[in-house]
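Dear colleague,

Please find below the structure that I am handing over to you.

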Amino acid sequence: MREITLSQAVNEAISEEMRRDPTIVVMGEDVAEAGTPFKILSGLVEEFGSDRVVDTPISEPGFTGIAVGAAMTGLRPIVDLMFGDFLFLIMDQLCNQAAKTHYMSGGKLKVPMVVRTNMGATRRSAAQHSQSLHALVAHIPGLKVAMPATAYEAKGLLKTAIRDENPVVIFEDKLSYQEKAQVPEEEYLLPLGVASVRREGRDVTLVGTSSMIHVALDAAKLLEAEGISAEVIDPRTIVPLDEETILASARKTSRAIVIDEGHRNYGVTAEIAARIAEKAFYWLDAPVQRFGAMDVPVPFSPALEDLTVPTPEAVAEGARRAMRGELIHAA
């Protein structure tokens with residue numbers, strides 16, 4: 001094991017897979033010469049050349065459509081979408097074409113394609129570059145959706161996604177790129193649809209996605225000082241969702257809180273909370289609570305932006321209320 005950043009883990013995953021499989025190509029804006037604005041792909045074009053690491057024009061629908069066609073005809077493209085907010089530009093290519101091709105062809109065609117993009121506010125990038133839109137694609141049958149929280153998950157899930165025979169969308173938190181974690185030196189894969197119990201507990205279950213797993217872990221530390229034992233679950237992927245691990249934890253603790261950086265209305269928190277309420281209802285001692293981003297465009301003002309996303313303090317207060325059997329209306 002060694003400690004590397006999430007950015008390095010992503011670079012390693014792609015490099016290792018490109019060495020293993022010559023059909024893998026990377027395409028997107030500034031992926032070659034610039035290594036993307038976050039410098040995640042630095043060095044790839046020097047090793048693999050501009051035929052396999054392709055700088056594209058500023059046309060997300062264009063290069064995503066090329067990737068879909070390339071995937072259907074023998075390549076395994078990795079599409080680098082500079083910001084997750086640009087998903088709106090590629091919804092037809094991703095959700096109407098890539099997601100449905102296997103089904104509409106009766107299983108004769110497949111689309112082994114990965115869309116790598118990011119999510120997350122509090123980077124001072126304003127309303128059009130700070131959104132967390134994973135719930136949009138999670139809604140579409142035919143797409144798998146991964147949300148790594150650390151460098152360890154980022155590498156293991158990405159390698160698995162690249163080898164998948166159909167489209168996978170991976171969301172990386174922008175603020176986590178320089179965060180370090182222990183990552184094995186030897187090759188490893190993490191299966192899609194298998195959650196991680198990040199912390200054992202007995203009193204309340206905290207389910208956190210992506211960067212919100214760190215919010216959940218920090219909230220658990222606050223609660224521990226008060227004698228409240230929180231179990232923390234990282235789903236790792238929301239499609240497929242490891243429902244059984246989440247339900248087993250909720251049944252054990254009898255209380256559950258779901259934390260996600262997407263907007264609270266009609267989002268991932270609602271889906272996971274509904275499954276807990278439907279399938280663990282008779283084990284619950286308090287209503288399932290949800291913490292998500294405020295249902296407002298992300299402000300540019302730092303003081304206002306910081307108020308829009310869940311905090312450890314807010315989650316800890318939610319857990320206290322759950323212990324008392326109360327419902328908190330989280331923003």
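With which residue does Arg124 form a salt bridge, and how far apart are the closest N and O atoms? The partner is Glu305, and the closest N and O atoms are 3.0 Å apart. A salt bridge here is a side-chain nitrogen of Lys or Arg within 4 Å of a carboxyl oxygen of Asp or Glu.

Before the details, two notes on the basis of the values. This is a predicted model, in which local features need pLDDT of at least 70 and side-chain atom pairs count only at pLDDT 80 or more, while totals for chains, interfaces and linings use all residues. Residues are numbered from 1 along each chain as its sequence is written, and side-chain values use heavy atoms, with hydrogens and water left out.

The two domains

The protein chain is divided into domain 1 (3–182) and domain 2 (196–329); these bounds come from an automatic or database domain assignment. Their C-alpha centres lie 27 Å apart. Across the boundary, 25 residues of domain 1 are in contact with 25 residues of domain 2, contact meaning heavy atoms within 4.5 Å.

The size of an interface is often given as the accessible area lost when the parts come together. Between domain 1 and domain 2, the buried area is about 2,100 Å², and carbon and sulfur atoms give 60% of it. Buried area is the accessible area (1.4 Å probe) that two parts lose on being put together, summed over both. On the side of domain 1, the residues that lose the most area to domain 2 are Arg124, Met147 and Ala149, which together account for 27% of what that side buries. Three salt bridges are counted between the two domains.

Salt bridges

Side chains of opposite charge can pair when their charged atoms come close. The structure as a whole holds 31 salt bridges. Helices (H or I, at least four residues) and strands (E, at least two) are DSSP runs, numbered from the N terminus. For accessibility, buried means under 20% relative accessible area, exposed over 50%, and partly exposed in between (1.4 Å probe, protein chains only).

Arg20 is partly exposed at 42% relative accessibility, whereas Glu17 is buried at 0%.

Because Glu47 lies in helix α2 (residues 44–48) and Arg19 in helix α1, the pair ties together parts that are 28 residues apart in sequence. Glu47 is partly exposed, at 41% relative accessible area, and Arg19 is exposed, at 52%.

Backbone features in loops

A cis peptide bond joins Val239 and Pro240, with omega about -5 degrees. Pro240 is placed in the loop between β12 (237–239) and α9 (243–253).

Which value does phi take in Ala126? It is near 70 degrees, a positive value in a residue other than glycine. Ala126 is found in the loop between β5 (114–119) and α6 (134–138), and it is partly exposed at 23% relative accessibility. Ser254 likewise has a positive phi near 70 degrees and is not a glycine. Ser254 lies in the loop between α9 and β13 (256–263) and counts as buried, at 13% relative accessibility.

A nonpolar surface patch

Phe281, Tyr282 and Trp283 form a nonpolar patch on the surface, with about 450 Å² of accessible area together. Patches are made of residues with over 30% relative accessible area and no salt bridge; like charges are joined within 9 Å, and nonpolar side chains (Val, Leu, Ile, Met, Phe, Trp, Tyr) within 5 Å. Accessible areas come from the Shrake-Rupley method with a 1.4 Å probe, and for residues only the protein chains shown count as cover. Trp283 is located in the loop between α10 (268–279) and β14 (289–293) and is partly exposed, with a relative accessible area of 44%.

With kind regards
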